[in-house]
Amino acid sequence: MAENNAGTEISPNMTIYINNLNEKIKLDELKKSLNAVFSQFGKILEVLAFKTLKHKGQAWVVFQDVSSANNALRQMQGFPFYDKPMRIQYAKTKSDVIAKADGTFVPREKRKKHEDKGKKRKDQHDANQAGMGLNPAYPGAYGAAPPLSQVPYPGSVKSMVPEAPAPPNNILFVQNLPQETTPMMLQMLFCQYPGFKEVRMVETKPGIAFVEYGDEMQSTVAMQGLQGFKMTQQNSMLITYAKK
């Protein structure tokens, strides 16, 4: 996957190229966070990011269809991701995962070492499946199975909703989060709204969090902006005012 050159006219495709990413974020955390913010636009086949100095601050997100990539590019352009605005454009070269799916994949003679090591086993696995007449199954951004959306939760969302709505205040109660959600991932989403103070998660109660703002006006704006935000295709945020 080659880097993109700014200003180059690139045709819309299923892969978006993102740069200006925070280089201090660990690779696994970066991939999980990218999956969390982009999965609202459609099914993600793969998230690519590399440790090499040449590829720091960059990533590729491969969607199942062009419309998802188009919506993601349009709506997330400039999104404050770990305190830095994302710069997004369509990928200059077709992702291997897409090329394999549409039958146009041709092995590169001079594949980069970091790509070769990371994909060698996966490529062999896909080739074996193709020989058996099966479609390759893409594990998603962080190769975990089952998907986060299928991990059982202790009780339904409905059972966690307060019986009586709390009056407006400066603290929000966020529910229906995937179990692997981290405070940093939530901070990245909520800090784009003025007055953000902190995120608090309860270690013994996965799937919920409290987000504090300076006053109830600020918390209300954040609630309206992120209500229903999809952390995964099946996990839409449910936000209410916290009970005090």
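Modeller: Two strands are said to pair if DSSP finds at least two bridges between them. Helices (H or I, at least four residues) and strands (E, at least two) are DSSP runs, numbered from the N terminus. The model is predicted: local features need pLDDT of at least 70, side-chain atom pairs count only at pLDDT 80 or more, and totals for chains, interfaces and linings use all residues. Residues are numbered from 1 along each chain as its sequence is written, and side-chain values use heavy atoms, with hydrogens and water left out.

Biologist: How do you know that strand 7 and strand 10 pair?

Modeller: The definition asks for at least two bridges, and strand 7 (residues 171-175) has 4 bridges with strand 10, in the antiparallel sense.

Biologist: What is the order of the strands in the open sheet?

Modeller: The order of the 4 strands is 8-9-7-10, and the pairing is antiparallel.

Biologist: Which residues of helix 2 are called buried?

Modeller: Buried means under 20% relative accessible area (exposed is over 50%, partly exposed in between; 1.4 Å probe, protein chains only). In helix 2 (residues 66-76), S68, A69, A72, L73 and M76 are buried.

Biologist: Why are these residues said to lie on the same side of helix 2?

Modeller: The arc is that of the directions from the helix axis to the C-beta atoms. These residues cover an arc of only 130° around the axis, so they lie on the same side of helix 2.
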